[in-house]
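Colleague: Could you take me through the aromatic rings in this model? I would like a close look at how they pair up and what sits beside them.

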Amino acid sequence: MNTQLAANTKSDYVVAKFGGTSVANFDAMSRCAEIVCADNQVRIVAVSASAGVTNHLVALCKRDLSAAERDEHITGVIAIQESILAELSLDADLAHGFNETLRAFQVLATEGVKSAAEQDELLSFGERLSSYLFTQVLRGQGLDAVRFDVRKVLKTDSQFAKATPNIAATAAAAKKHLVPLLAEQVVVTQGFIGSDEYNQTTTLGRGGSDYSAALLAEAINAKSVHIWTDVVGIFSTDPRLCVKATPIARLSFDEAAEMATFGAKVLHPATILPASRSHISVFVGSSREPQLGGTWIEKEKSEQPGIRAVTQRKNQILLTVKSPEMLLASGFLARVFTILSEFNISVDLVTTSEISVAITLDNAPNASRPELDQACLDKLSEFCHVSVENNLTLVALIGSEIQLRQQETNLMQVLSDFNIRLICHGASKHNLCFLVEQSESDLVVQAIHSRLLESQVAA
């Protein structure tokens, strides 16, 4: 029993993750290094690729690029690294690794990718290169820092482009290879990437650096993970849409998960999974303005019931299947969802009537699942009438214990000016969702924030 208690005891370690804009150039990296130096509990730093690099790498994965286009993107990646190197002098160990990695990138990028495995390998170079540079920046500020290849510990399956982590294997590898380094050094490693059982490079999907940091925090039993980005925490809505949007000081895991799932881009949705199951607090703050604080995400239930934020996720599909045979019949829903599963289509919202089912699907350009396949529609059409609507936006109201009380009744007055295609509430007390025309979605979010959230703050 004592052994078990010791295993569950949290360490004082903190994992810090810095996003692409936070490591975009030498000045940005220097600001991040100051954050690390100011907190001696930060023992692991996970970095993204420098801003702009991943876009070049994604373009290089296309097989129809001309030689000139390919050279342009290769040059673009190298230029971003060289602009940082102009301010640095790499130590011998880092210089050797960096140069070898850069050469490997140039070879693969020039030849072009021929498989999903090679695509993940190519996409990994952004994080691999930036981690060498950031390690040197930390050393330049007097910190004992070592660069570590995360592929030694973050173990996944072989589902390239969106690999699923192997939690047990990652924990075992971290205990063996990573934890012994933490007492005396700060370890700089990579977000977004891992490796499968054959040591092939895998990726966790775009934006997966947040997820990586949380997985590493779980693997070393850290007390918290700090996500440093370009905004001061998680806001009540997108501050680019509403100038009166305000940062939220504290969120529960449930609230943060709903916000990330339904469109708040500041945090990758999967980040909450390891943090929640292992009771690891998450902090989100700005690497440009760390003194302004940010948002803490913790297990504790929110003490502020009602709506706290409004988010939107554009490029949604509304799929409606209708059949009179559904009336008083069993098995209809099971048949519909079995077909969707066959085509690897994941469902977000579902509403039903006596003879029809309305389903929302994500059709965003970078969605992990494919667009609604015609073969899927044909199969559904064999036993029901199918209709598809595009160019919709899912708007979500996020909070705690959301019920149709006075605040939510006011929502109906706001929405009366817009064409609402679907409303979904009840499955969770943390969200109330609806679909609107994409051309109106910004106006809808602004109206809701103004009438419900800004007045709430004023009160």
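Modeller: Happy to. Rings of Phe, Tyr and Trp (its six-membered ring) count as a pair if their centres lie within 6.5 Å; planes under 30 degrees apart are called stacked, over 60 edge-to-face, and the rest tilted. The model is predicted, so local features need pLDDT of at least 70 and side-chain atom pairs count only at pLDDT 80 or more, while totals for chains, interfaces and linings use all residues. Residues are numbered from 1 along each chain as its sequence is written, and side-chain values use heavy atoms, leaving out hydrogens and water.

Searching the whole structure gives six aromatic pairs. One of them joins F18 and F134 in a tilted arrangement, 5.7 Å centre to centre with 45° between the planes. Because F18 belongs to strand 1 (residues 14-18) and F134 to helix 7 (residues 125-140), this pair ties together parts 116 residues apart in sequence. Helices (H or I, at least four residues) and strands (E, at least two) are DSSP runs, numbered from the N terminus. F18 and F134 are both buried, meaning under 20% relative accessible area with a 1.4 Å probe, protein chains only; exposed is over 50% and partly exposed lies in between.

Helix 7 also supplies Y132, whose partner F98 is in helix 5 (residues 92-111), 34 residues apart.

Elsewhere, ring pairs link W228, F283 and W296 into a cluster.
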